[in-house]
Amino acid sequence: MEPGNQTSISEFFLLGFSPDSEHHTVLFGIFLSMFMVTVLGNLLILLAIISDSSLHTAMYFFLSNLSLTDICFTSTTIPKMLANLHTQRKSISYAGCITQIYFFMVFGGMDTFLLTVMAYDRFIAICHPLHYSVIMNPHLCGLLVLVFWFISFMYSLVQSLLFLRLSFCTNWTIQHFYCELAQALTIACSDTLVNYILLYLVTGLLGIVPFSGIFFSYTQIVSSILKIPSVSGKYKAFSTCGSHLSVVSLFYGTGLGVYLSSGSSPSSWKSMVTSIMYTVVAPMLNPFIYSLRNRDIKRALQRILRRTLCSVMATLVFLSELILG
């Protein structure tokens, strides 16, 4: 953009969904419900894995990290959107916008890395079962997660620092429901070429390289499953990676929609809807996919539910005895 009257900026304005205030209450209820389901569902997955020693394996270690990342990913954008819908304000502070951009990229990158290493985990489990415990040892799993966090933090830090050097003129409106970096760059007055190069280069790498790893893992998995003589054996082998394949399809399908729609009209509802699918719907559905398709998780959740009910009943009995006594 050509330099104009550059001024110091203290806040941005988020266009959001509907200019009609009558729709804000409905939208607030919908997104609050989705946010609560997302947090509760992923917390239950975390509790199930932590409380059940039989789930302390590489696959569930990565799943617990994915659940934690999804909680943080959703919490980066939805609470602020809910606050704006409730107060009918559309502003976000300059510092708040940069913070949102930073953590959105951190947790979005972590989702990509975790889904990739989970595909590799299933590849080793099905194609090299005798070496699984040796290859996917706790030290390697922990190291991989630490490396993924480091890469995500560093890239997000670089992109945020590049954003800090930008100047803005009189247009401070981001045509989205959160501080989406690509949309924020469109309203900058200063040169954004470096920002765009880094954004699309890394986004492309985070899409192509991990997806290639996932695709390779599943081609090998399918090849190994087809060699299993019995139908029951094939079903059992495929059922161990069916949940992950569903989550990968949902994540990359919605993520691809966001990436492709980023070059469309800024006010496009298509861009808005695909972003909702990517940032809200996908993290919300992940716990359902894993709990409904995974017997180990279902058993762990049932044990948590039984213990919770027993504790509640014991508390009610104790309180009733105090009152009646």
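**Exercise 1. Name the residues that Val 281 touches, not counting residues up to four places away in sequence, and decide whether Val 281 is buried or partly exposed.**

Step 1. Val 281 is found in helix H9, residues 269-293. Helices (H or I, at least four residues) and strands (E, at least two) are DSSP runs, numbered from the N terminus.

Step 2. List the partners. Val 281 touches Met 34 and Ile 276 once residues up to four places away in sequence are left out. Contact means heavy atoms within 4.5 Å.

Step 3. Check the cover. Val 281 counts as buried because its relative accessibility is 13%. Buried means under 20% relative accessible area, exposed over 50%, and partly exposed in between, with a 1.4 Å probe and protein chains only.

Step 4. The C-alpha atoms of Val 281 and Leu 250 are separated by 9.1 Å, and the two residues are 31 apart along the chain.

A note on the model: it is predicted, so local features need pLDDT of at least 70 and side-chain atom pairs count only at pLDDT 80 or more, while totals for chains, interfaces and linings use all residues. Residues are numbered from 1 along each chain as its sequence is written, and side-chain values use heavy atoms, with hydrogens and water left out.

**Exercise 2. Describe the chain as a whole: its helices and strands, and its buried share.**

Step 1. Count the elements. The chain has ten helices and three strands.

Step 2. Read their order. Along the sequence the pattern is β-α-α-β-α-α-α-β-α-α-α-α-α.

Step 3. Look at the burial. Of the 325 residues in the chain, 47% are buried.

Step 4. Look at the contacts. Among contacts with a separation of 6 or more, 79% are between residues 24 or more positions apart.

**Exercise 3. Work out the order of the strands in the sheet, and find which strands stand at the edges.**

Step 1. Give the order. The three strands form an open sheet in the order S2-S1-S3, with mixed pairing. Two strands pair if DSSP finds at least two bridges between them.

Step 2. Find the edges. Strand S2 (91-93) and strand S3 (173-174) each have a single partner strand, so one side of each is left without a neighbour in the sheet.

Step 3. Examine one pair. Strand S1 (residues 11-14) and S3 pair in the parallel sense over two bridges. Phe 13 stands opposite Thr 173 in S3.

**Exercise 4. Compare Gln 159 and Met 154: is each one buried or partly exposed?**

Step 1. Read the accessibility. Gln 159 counts as buried, at 0%, whereas Met 154 counts as partly exposed, at 37%.

Step 2. List the contacts of Gln 159. Leaving aside neighbours within four places in sequence, Gln 159 is in contact with Met 105, Leu 181, Asn 195, Leu 198 and Leu 199.

Step 3. Look around Met 154. A nonpolar patch on the surface includes Met 154, Ile 151 and Leu 157, and the patch has about 700 Å² of accessible area together. Patches are made of residues with over 30% relative accessible area and no salt bridge; like charges are joined within 9 Å, and nonpolar side chains (Val, Leu, Ile, Met, Phe, Trp, Tyr) within 5 Å.

**Exercise 5. State how many salt bridges a search of the whole structure finds, and describe the one between Arg 303 and Asp 52.**

Step 1. Count. The search finds three salt bridges. A salt bridge is a side-chain nitrogen of Lys or Arg within 4 Å of a carboxyl oxygen of Asp or Glu.

Step 2. Take the pair. The side chains of Arg 303 and Asp 52 meet at 2.1 Å, N to O. This pair links distant parts of the chain, 251 residues apart: Arg 303 is in helix H10 (residues 295-324), and Asp 52 is in the loop between helix H1 (24-51) and helix H2 (58-87).

Step 3. Check the cover. Arg 303 is partly exposed, at 30%, whereas Asp 52 is buried, at 10%.

Notes:
Accessible areas come from the Shrake-Rupley method with a 1.4 Å probe; for residues, only the protein chains shown count as cover.
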